[in-house]
Amino acid sequence: LTSVVFAGMLVGVYVLGSVSDSHGRRKGFLVSALLLGAAGVASAAAPSFGWLVLCRMMVGAGLGGTPIAVTLFAEWVPSARRGILSLLMQSSWTVGTAVQSLMAWAILGSLGWRWFLFLSALPLFVLVIGYPWLPESPYWLVAKQRYKDAEDIVGKVAEFNKVEAPLHTSFAPAARESYANDSTKIVVDDGIISEEESQGASWTQPVVAVLKSVRYALRQVFGERLARTTGILWLVWFANATTYYGLVLLTTSLQVESEKDKGEQRCHDGEAVFSSSDYFAVFITSLAEAPGLLGAAFLIDYKGRLWCLRIGMLICAICIFCLLIGGRVLQLVLLFISRAAIEGTFSVLYVYTPELYPTQIRSFGLALCNGFARLGGFSAPFFTVYLVENGKSSWSMILLGCLCSIALIGCLLLPIETMGTDLQADHTHDARNNNTHAAEDEDEDVPLVVH
């Protein structure tokens with residue numbers, strides 16, 4: 001069932017990422033929330049195992065829209081604090097993980113898995129209720145040449161934030177020189193995809209717009225300037241996700257195998273039986289994600305994205321290899337540290353990756369990378385649960401440690417540091433020239449920033 005969820009996510013990230021780039025971040029986010037909530041409730045009511053598998057796959061497809069929220073948030077926050085604010089936003093994932101551990105502890109043994117799935121799906125409908133108040137990305141609106149809409153939304157946000165100076169919105173390149181030194185004005189470059197591509201009388205027009213968006217995005221991603229960086233990112237995302245989900249699964253698997261070694265019965269009517277100590281171990285290691293996330297949040301805008309990725313991967317690899325020493329208490333400590341490190345790097349990737357791609361392909365570029373993360377999640381049970389259950393837990397640790405080391409090498413090869421740069425800065429020159437500063441030629445996009 002775990003692998004089926006990741007298979008659904010693999011499909012969802014590409015489809016919903018394309019919808020987000022062609023029809024807007026808000027619409028992509030709404031489709032994701034509705035699909036995830038409906039499929040979650042349907043999973044709880046599944047009449048057979050076959051239906052449960054199908055519903056969980058649809059849950060995965062809905063989860064594939066998660067990067068849309070990351071992209072939308074990143075396109076609203078100031079460049080100077082984007083790192084820490086984005087990571088603090090992602091802390092909700094860590095909180096959710098801890099809450100799910102507590103819910104499993106409280107519900108699975110008494111009410112059963114159906115109630116657990118049903119209650120887990122309910123918060124999705126809160127997102128739907130709040131949808132009318134969710135603003136569209138001004139970057140996306142400008143890319144679609146909907147300048148008036150972008151001006152109106154930014155003006156409303158400025159008014160809500162009680163910006164004292166009058167806010168003016170103008171568009172480059174004509175206004176570039178006159179507004180360059182005015183801190184109360186926003187200067188925006190024209191996008192390349194017109195709004196007419198995503199609207200029209202024919203019902204096929206939205207589909208055509210999505211396909212055009214995908215074709216354009218693929219040309220950019222595999223073009224000379226971004227191909228090498230994208231390939232490295234795919235490797236890092238895959239290895240990072242496999243390690244992350246592998247550690248999550250390894251925590252439970254090692255606890256169960258430890259009890260088996262003591263001769264205790266761990267199965268009843270074909271279902272795994274977890275003791276209070278097992279749930280406690282899962283909860284403790286889930287809490288480990290909090291210090292990892294907070295550490296990355298405080299360092300990402302000080303040391304940079306690449307520094308956080310490299311140090312996090314190094315710490316995680318060392319801890320995983322040290323798991324081979326054995327001992328339940330030592331393993332729990334090492335799992336705690338490695339979970340903290342890998343959560344920090346995973347969260348930094350969600351900040352770093354959207355900053356590399358231009359607005360028109362940002363969601364799709366992140367979706368492509370996220371797709372490799374889903375492949376990693378799909379593979380994780382085979383790297384952990386399968387090997388541990390077959391008495392090869394040491395091999396599981398070695399494989400995860402090697403994957404983390406490969407991710408570290410990939411992070412060392414990444415050529416671009418995006419700390420402090422604007423989302424519309426042209427990083428493609430940096431990818432081609434292998435330097436660490438944003439390109440500053442005369443054709444560079446002018447940032448959309450409220451000062």
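Start with Cys-319: its closest cysteine sulfur belongs to Cys-322, 6.4 Å away, so that's too far for a bond. A disulfide here means a pair of cysteine sulfur atoms within 2.5 Å, and by that rule the count comes to zero. Before going on, note that this is a predicted model, where local features need pLDDT of at least 70 and side-chain atom pairs count only at pLDDT 80 or more, while totals for chains, interfaces and linings use all residues. Residues are numbered from 1 along each chain as its sequence is written, and side-chain values use heavy atoms, with hydrogens and water left out.

Cys-319 is buried at 8% relative accessibility, and Cys-322 is partly exposed at 28%. The cut-offs are under 20% relative accessible area for buried, over 50% for exposed and in between for partly exposed (1.4 Å probe, protein chains only).

Now the helices, which are DSSP runs of H or I with at least four residues, numbered from the N terminus. H14 (residues 289-299) packs against H16 (residues 328-356) at about 45°, axes 7 Å apart; the axes are lines fitted to C-alpha atoms over the stretch in contact, and angles run from 0 to 180 degrees between N-to-C directions. That makes the pair oblique, because angles under 35 degrees count as roughly parallel, over 145 as roughly antiparallel, 65 to 115 as roughly perpendicular and the rest as oblique. Residues in contact (heavy atoms within 4.5 Å) include Leu-293 and Ala-296 from H14, and Phe-336 and Arg-339 from H16.

Technical notes
Helix = DSSP H or I, 4+ residues; strand = E, 2+ residues; numbered from the N terminus.
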